[in-house]
Amino acid sequence: MRRATKQVGVILNRFQIFGSDLLGAGSESRVYALGREQILRIYNANVGWDYVERRRALYDELAKHDLPVALPELLSVNSWVGHVYTVEKRMPGQDFSKVLPELPGEDRAKALTSYLDVAAHLGTVHFPERPYGGLLLSDNAVHRERWRDYLLVKMQDALAESRADLEQDVPELDAVVAAIYARLALFDDYQGKSLVHGDYFPANVFIDVSHKICGVGDFGYTTVVGDARMDLAGALIFLEVLDDYLPDDSIFMHQLLIERWGEELLEVVEFYRLYYSIFFSGCKADDPATYAWCIGNLRAVSQGGI
């Protein structure tokens, strides 16, 4: 750990960046302000050069589509003793997760509506020639010819990592998992192949002064070719993980989903709630709040609540 910190420190010194310039940190990288127009992203040591180059290629491809928001733009890719780092254009606007708690009434409704609209716009990007699965991961990553098969194997892989924790915290885990797997029948005939951000929630989007979402960032290991409704679900359910979560926001978004796409979408949304509760369940030590969200959803299945 000390060696990694020293290596990161060398990169920061090279750009004359100090700790106060840290904008955010996630499972893949730490992001620092680099003046007013750029950022420096330093990836964790387990993130390789090839992954970052695939991310740049995806951003270049998405730039060709007529999306109504700014997307990340990588200006350069470099490395220093095991750490890949990039210089990127700084996204416009502000982190939506920091702005949302302060928004009142009509401004809040406008922002949440825009937030859902942008999730829908992402799904207008299609990849008809690609198999279902990861857009940024290596060739040996999971890809399947049927969407339901991809979802199944990703849940199985996640459970292989988190089962010991879940068995302690979710009563009748095997029955809960079997009930979730049974819901895969929803996707027996699904054939769409859309861009799915996969981690679409307020901390990954940006909002402008007019309360419209103006940028989407952090496409990563969750970004896949799949069902566009997945990001619609994420826009709703991931609100619940925010520190300043207000249940009224969920009520508003829930109603908006019904108005736009009908009540039949809700069954799909609730499946993705459970899918993500398994997919992210390996975070007990690193992210207790998200783990608690996962456990709450899985317990609800055993109690007949979802």
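C214 counts as buried, at 14% relative accessibility. The model is predicted, and a search of the whole structure finds zero disulfides in it.

**Cysteines**

- C294 counts as buried, with a relative accessibility of 0%.
- The cysteine sulfur closest to that of C294 belongs to C283, and at 5.1 Å the two are too far apart for a bond.
- A disulfide is a covalent bond between the sulfur atoms of two cysteines.

**Nonpolar cores**

- In soluble globular proteins, nonpolar side chains tend to be buried together.
- The largest nonpolar core has 86 residues, of which F96, Y115, W147, L151, Y272 and Y275 touch the most other members.
- Helix 9 gives this core its largest share, ten residues.
- Another core, of ten residues, lies apart from the largest one and has V8, Y32, L34 and Y85 among its members.
- Leaving aside neighbours within four places in sequence, Y272 is in contact with W147, L151, F187, D227, R229, M230, A233 and I237.

**Aromatic pairs**

- The whole structure holds 19 aromatic pairs.
- In one of them, the ring centres of F238 and F280 are 6.2 Å apart and the planes stand at 70 degrees, so the pair is edge-to-face.
- F238 sits in the loop between helix 7 (229–237) and helix 8 (247–261), while F280 sits in the loop between helix 9 (264–279) and helix 10 (288–302), so the pair ties together parts 42 residues apart in sequence.
- F238 and F280 are both buried.
- The two also belong to a cluster linked by ring pairs, whose members are F187, Y221, F238, F271, Y272, Y275, Y276, F279, F280 and W293.
- Y272 and Y275 of this cluster are also among the residues that touch the most other members of the largest core.
- A charge lies over another ring: K193 is over the face of Y132, at 5.2 Å from the ring centre.

- Strand 1 (residues 22–25) pairs with strand 2 in the antiparallel sense over three bridges, and G24 has V31 of strand 2 as its bridge partner.
- The hairpin that joins strand 1 to strand 2 passes through three residues.
- Five of the six residues of strand 2 (residues 29–34) are buried, so strand 2 is largely enclosed by the rest of the structure.
- Strand 2 and strand 3 run antiparallel and are joined by six bridges, with S29 opposite Y43 of strand 3.
- The hairpin of strand 2 and strand 3 has three residues between the strands, and G35 in this hairpin takes a positive phi near 75 degrees.
- Strand 3 (residues 38–43) is also joined to strand 5, through five bridges in an antiparallel arrangement; here I39 stands opposite E88.
- Strand 5 pairs with strand 4 as well, over six antiparallel bridges, and Y85 of strand 5 is the bridge partner of N78.
- Six of the seven residues of strand 5 are buried, so strand 5 is largely enclosed by the rest of the structure.

- Four strands form an open sheet with antiparallel pairing, in the order 8-7-12-9.
- Strand 8 (143–144) and strand 9 (194–196) are at the edges with a single partner strand each, so one side of each has no neighbour in the sheet.
- Strand 7 (residues 132–134) and strand 12 (residues 224–226) run antiparallel, joined by two bridges.
- G133 has V225 in strand 12 as its bridge partner.

- Most residues other than glycine have a negative phi.
- V81 has a positive phi, near 45 degrees, and is placed in the loop between strand 4 (74–80) and strand 5 (83–89).
- V81 is partly exposed, at a relative accessible area of 44%.
- D218 also has a positive phi, near 55 degrees, and is found in the loop between strand 11 (213–216) and strand 12.
- D218 is partly exposed, with a relative accessible area of 31%.

Conventions
Residues are numbered from 1 along each chain as its sequence is written. This is a predicted model: local features need pLDDT of at least 70, side-chain atom pairs count only at pLDDT 80 or more; totals for chains, interfaces and linings use all residues. Side-chain values use heavy atoms; hydrogens and water are left out. Rings of Phe, Tyr and Trp (its six-membered ring) pair if their centres lie within 6.5 Å; planes under 30 degrees apart count as stacked, over 60 as edge-to-face and the rest as tilted. Buried means under 20% relative accessible area, exposed over 50%, partly exposed in between (1.4 Å probe, protein chains only). A charge sits over a ring if NZ of Lys or CZ of Arg is within 6 Å of the ring centre and within 35 degrees of the ring normal. Two strands pair if DSSP finds at least two bridges between them. A nonpolar core is a set of buried Ala, Val, Leu, Ile, Met, Phe, Trp, Tyr and Cys residues joined through side-chain atoms within 4.5 Å. Contact means heavy atoms within 4.5 Å. A disulfide is a pair of cysteine sulfur atoms within 2.5 Å.
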